[in-house]
Amino acid sequence: MICINMIRNPKSGFTLLEVLVATTIMAIAVVTLLGGIGTSLRNASRLTGYDQAVMRAHSKMDELIANRRVPPNADLEELFDPTSGWRAHLSAFETLPGAPPGTPMLERIQLEIWWTEGGQRHTFPLEGYRRTVVPLRLTP
């Protein structure tokens, strides 16, 4: 025996309680997703500054390795813009003691890229080597 009150009328809609539960579930899901998106955007912004610094460091290192006019034991520094710049130190890394001019040697380039982001100073160090020769020593 089927009770007439238990059969649902196909034209009837959702109850108020069902609508409130569905709305609450959707609100929780939206708030959770928006929180995750905000965190992702902050991380992406932070990584963008770091990625730019890495690209600048590699570019500047390539430039310093190729530039043969930079004297040994030199300290160089330059600004990219007011919020970022670089500094480098070139030094003899491997050479024979008292080697005459023209003797092959290995030179180390220590490069540091710095930038300011969010009021904090960040740095990215990079080190490279290049083959060169012992320069002429000029007597004063």
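Q: Which strands does α1 lie across, and at what angle does α1 run to β3?
A: Helix α1 lies across β1, β2 (84-94), β3 and β4. The angle to β3 is about 150°. Axes are lines fitted to C-alpha atoms, for helices over the stretch in contact, and angles run from 0 to 180 degrees between N-to-C directions. Contact means heavy atoms within 4.5 Å. Helices (H or I, at least four residues) and strands (E, at least two) are DSSP runs, numbered from the N terminus.

Q: What do the numbering and the values rest on?
A: The model is predicted: local features need pLDDT of at least 70, side-chain atom pairs count only at pLDDT 80 or more, and totals for chains, interfaces and linings use all residues. Residues are numbered from 1 along each chain as its sequence is written, and side-chain values use heavy atoms, with hydrogens and water left out.

Q: What makes β3 and β4 a pair?
A: Two strands pair if DSSP finds at least two bridges between them. Strand β3 (residues 104-117) and β4 are joined by 14 bridges, so they pair, and they run antiparallel.

Q: Why are β1 and β4 called edge strands?
A: The open sheet has the order β1-β2-β3-β4, with antiparallel pairing. Strands β1 (75-81) and β4 (120-133) each pair on one side only.

Q: Why is Leu 41 called exposed?
A: Buried means under 20% relative accessible area, exposed over 50%, partly exposed in between (1.4 Å probe, protein chains only). Leu 41 has 58% relative accessibility, so it counts as exposed. Leu 41 lies in helix α1 (residues 16-66).

Q: How do you know that Arg 56 and Asp 81 form a salt bridge?
A: A salt bridge is a side-chain nitrogen of Lys or Arg within 4 Å of a carboxyl oxygen of Asp or Glu. For Arg 56 and Asp 81, the closest N and O atoms are 3.7 Å apart, so the pair qualifies. Arg 56 sits in helix α1 and Asp 81 in strand β1, 25 residues apart.

Q: What makes Glu 77, Arg 87 and Glu 112 one network?
A: Arg 87 forms a salt bridge with Glu 77, at 3.5 Å between the closest N and O atoms. Glu 112 forms a salt bridge with Arg 87, at 2.7 Å between the closest N and O atoms. Salt bridges that share partners join these residues into one network.

Q: Why is Glu 112 called partly exposed?
A: Glu 112 has 22% relative accessibility, so it counts as partly exposed.
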